[in-house]
Amino acid sequence: MAELTLDNARKILDAALAKGVEKKLKPLVVTILDARGAVKVTAAQDGTSLMRAEIAHGKAYGALALGMGSRALFQRAQEQAYFIDSVNTLAQGRLVPVPGGVLIMDGATLLGAVGVSGDTSDNDEICAVAGIEAAGLKANAG
């Protein structure tokens, strides 16, 4: 597979949301970007709060922009706050460097990223990974 298909993006979306329901998490928003950073699909469960879609997008976008899961961005922000702040300024504030943004890999090929927001960052990441793995792809959370 050379690119992320809409069919695979929907599988990731459905499985990520199902994981949230299974774990009885707060309502989630899931955004899936292809390798270019274009939105493939976004969905919000009923009852999500206002900024969740932007946060989910920022987690996925940050992972793609720096080539690492947003957990790694979070760790880097703690160690090199000025660097992440500078990159976020260059990105016009579009990075959200906390767990929940996960790269989608097919072998060594980057297909895109998933961003999840709504519950704790750790739970958001669990749902993103579950979605990617359910589609038969590899998750790189960082």
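Lys 11 and Asp 7 sit together in helix H1 (residues 6–22), 4 residues apart, or about one turn of the helix. Helices here are DSSP runs of type H or I with at least four residues, strands are E runs of at least two, and both are numbered from the N terminus. The two side chains form a salt bridge, with 3.5 Å between the closest N and O atoms. The term salt bridge is used for a side-chain nitrogen of Lys or Arg within 4 Å of a carboxyl oxygen of Asp or Glu. Side chains of opposite charge can pair when their charged atoms come close. Lys 11 is partly exposed, at 43% relative accessibility, and Asp 7 is also partly exposed, at 48%. On this scale, buried means under 20% relative accessible area, exposed means over 50%, and partly exposed lies in between (1.4 Å probe, protein chains only).

The model is a predicted one, in which local features need pLDDT of at least 70 and side-chain atom pairs count only at pLDDT 80 or more, while totals for chains, interfaces and linings use all residues. Residues are numbered from 1 along each chain as its sequence is written, and side-chain values use heavy atoms, leaving out hydrogens and water.

Across the whole structure, the search finds 6 salt bridges. Lys 19 is partly exposed, at 22%, whereas Glu 22 counts as exposed, at 55%.

A salt bridge also joins Arg 71 and Glu 125, with 3.1 Å from N to O. This pair links distant parts of the chain, since Arg 71 belongs to helix H3 (residues 70–79) and Glu 125 to helix H5 (residues 121–134), 54 residues apart. Arg 71 is partly exposed, with 24% relative accessibility, but Glu 125 is buried, at 10%. Together with Asp 122, these two residues are linked in a network of salt bridges.

From Asp 122, the view can move to Gly 101, which is 21 residues away in sequence and 10 Å away in space, C-alpha to C-alpha. Gly 101 lies in strand E3 (residues 101–106) and is buried, at 0% relative accessibility. Leaving aside neighbours within four places in sequence, Gly 101 is in contact with residues including Lys 59, Ala 60, Val 114 and Ala 141, where contact means heavy atoms within 4.5 Å.
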